[in-house]
Amino acid sequence: MKNTLAMLLATSSLLATSAAAQSLDLEKEDLTLGFIKLTDMAPLAVAYELGYFEDEGLFVTLEAQANWKVLLDGVISGELDGAHMLAGQPLAATIGYGTEAHIVTPFSMDLNGNAITVSNEIWEEMRPNVPLMEDGRPQHPISASALAPVVEDYLDRGEPFNMGMVFPVSTHNYEIRYWLAAGGLEPGYYSEQDISGQIGADVLLSVTPPPQMPSTMEAGTIFGYAVGEPWNQQAVFKNIGVPVITDYDMWNNNPEKVFGITAEFAEENPNTTLALTKALIRAAIWLDENDNANRPQAVEILSRSEYVGADFEVIANSMTGFFEFEKGDVRPAPDFNVFFRYNATYPFYSDAIWYLTQMRRWGQITETMSDEWYFETAADVYRPDIYLGAARLLVDEGLADEVDFPWDSDGFKAPTPAADIIDGIPFDGHAPNAYVDSLPIGLKSGQTVIEGEIQG
């Protein structure tokens, strides 16, 4: 595994050096890129509005997509040249879970940015189980153990407890499952025969498109959801729900969306891919520079109907360094949305491996896979070689600082310590199977789900 990664990273250094010596001769100049109406599509909107795509000789059209499946299908068919994607989508497609296609990512779009919200009614039932601070406000982060008695009451009455997430391979699905399991609740399993993800579940999770989350909860179809912004803050503004935890508090500086293209596109259009990545890196730098000084301008851009289309005040709540949990309970959250700090844009293999461990944990990957399989799959999808090639060009052009990029990385972040994760279980991407086995709820090595039962 080490030899494989060493070869990839050596290639990245050669690419970075050779690319800097020549101007980019673009194979394709006119591009159509897709996105979902979420604030973390911001690098695409900024790169367009500030002219970073044009600086690279690219003529880009940005198109909002109806849902994540439509978006992925558009990239695979070639109707879209690339897109803002759930981090799980390139991995799932490449290993053949759901739609099969080799998708790669040269650019990670952000860290954090999600939350879990419950309806006002559920919050009132949870609240007596939540510790309070001296000023009487709820103490955060809030564990799902506060929700567990509420769910148990529903189950005792024979009533299903329904919550929403945005897609089966979304960060939101894995985050709400992580939160529920950390609080002692079973979020359910997948199998080859049953892809509902609800086998053995205490809480029934189902797919709802992000912009529809608040209205679906208001209608009573779901009692809560995991989603990106601005759809948690929208619930607060509409006075229909209460965010109970952000993903920053669940797993400090966790990876979120990626920019995805087909492997074929990257192979046939290497210079265009470099140019795209350059523009997106510049946008990410702009979004975070000078302690988020540009965020108000970014919020104005995102609030336009062609992008996110939510009210300025709703988007500004999280994008400008604050998060509102209940009306008036506004708390500092400077890292709720991170676009460039902490090497947010570098496509780390360890980020990919975490997603793969969650797919295995809940049965989307049905059998135990070797550690080497995790490493090879991550390297097949995440492309730091392309990223560093683009970064080198930006540095040589005086558009980025040398010190802001992890040139010598082996592709793995330092292990996440127990203190930074809500269940107190550390994550080390170098040991995926040991990590999966360390999680109290979830499939272990040798286990699989057959006919609704965990076996092995």
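**Exercise 1: a helix pair**

Task: describe how helix α5 (residues 88-95) packs against helix α16 (residues 349-361) in this predicted model.

Solution. Two values are needed, because a packed pair is described by the angle between the axes and the distance between them. For α5 and α16 the angle is about 65° and the axes lie 10 Å apart. The crossing of α5 over α16 is right-handed. Next, list the contacts: α5 contributes Gly88, Leu91, Ala92 and Ile95, which meet Ala352, Tyr355, Leu356 and Met359 of α16. By class, these residues are seven nonpolar, one polar and no charged. Residues three or four places apart point the same way, because an α-helix has 3.6 residues a turn.

**Exercise 2: a threonine**

Task: is Thr277 buried or exposed, and what surrounds it?

Solution. Thr277 belongs to helix α13 (residues 270-292). Its relative accessible area is 1%; the cut-off for buried is under 20%, so Thr277 is buried. A polar atom of its side chain lies 2.8 Å from the backbone oxygen of Thr273. Leaving out residues up to four places away in sequence, Thr277 touches Pro106, Phe107, Ile386, Tyr387 and Ala390.

**Exercise 3: length and cover of a helix**

Task: check the span of helix α8 (residues 171-182) and state how many of its residues are buried.

Solution. At 1.5 Å a residue, the twelve residues of α8 should span 16 Å. The end C-alpha atoms are 16 Å apart, so the two values agree. Eleven of the twelve residues are buried, among them His172, Glu175, Arg177 and Trp179. Just after α8, Gly184 has a positive phi of about 90°.

Note on methods:
Residues are numbered from 1 along each chain as its sequence is written. This is a predicted model: local features need pLDDT of at least 70, side-chain atom pairs count only at pLDDT 80 or more; totals for chains, interfaces and linings use all residues. Side-chain values use heavy atoms; hydrogens and water are left out. Axes are lines fitted to C-alpha atoms, for helices over the stretch in contact, and angles run from 0 to 180 degrees between N-to-C directions. Helices (H or I, at least four residues) and strands (E, at least two) are DSSP runs, numbered from the N terminus. A crossing is left-handed if the near helix is turned anticlockwise from the far one by less than a right angle, and right-handed if clockwise. Contact means heavy atoms within 4.5 Å. Ala, Val, Leu, Ile, Met, Phe, Trp, Tyr, Cys and Pro count as nonpolar, Asp, Glu, Lys and Arg as charged, and the others, Gly among them, as polar. Buried means under 20% relative accessible area, exposed over 50%, partly exposed in between (1.4 Å probe, protein chains only). A polar contact is a pair of N or O atoms within 3.5 Å; within protein, one must be able to donate a hydrogen and the other to accept it, and residues adjacent in sequence count only if both atoms are side-chain atoms. The expected span of a helix is 1.5 Å times one less than its number of residues.
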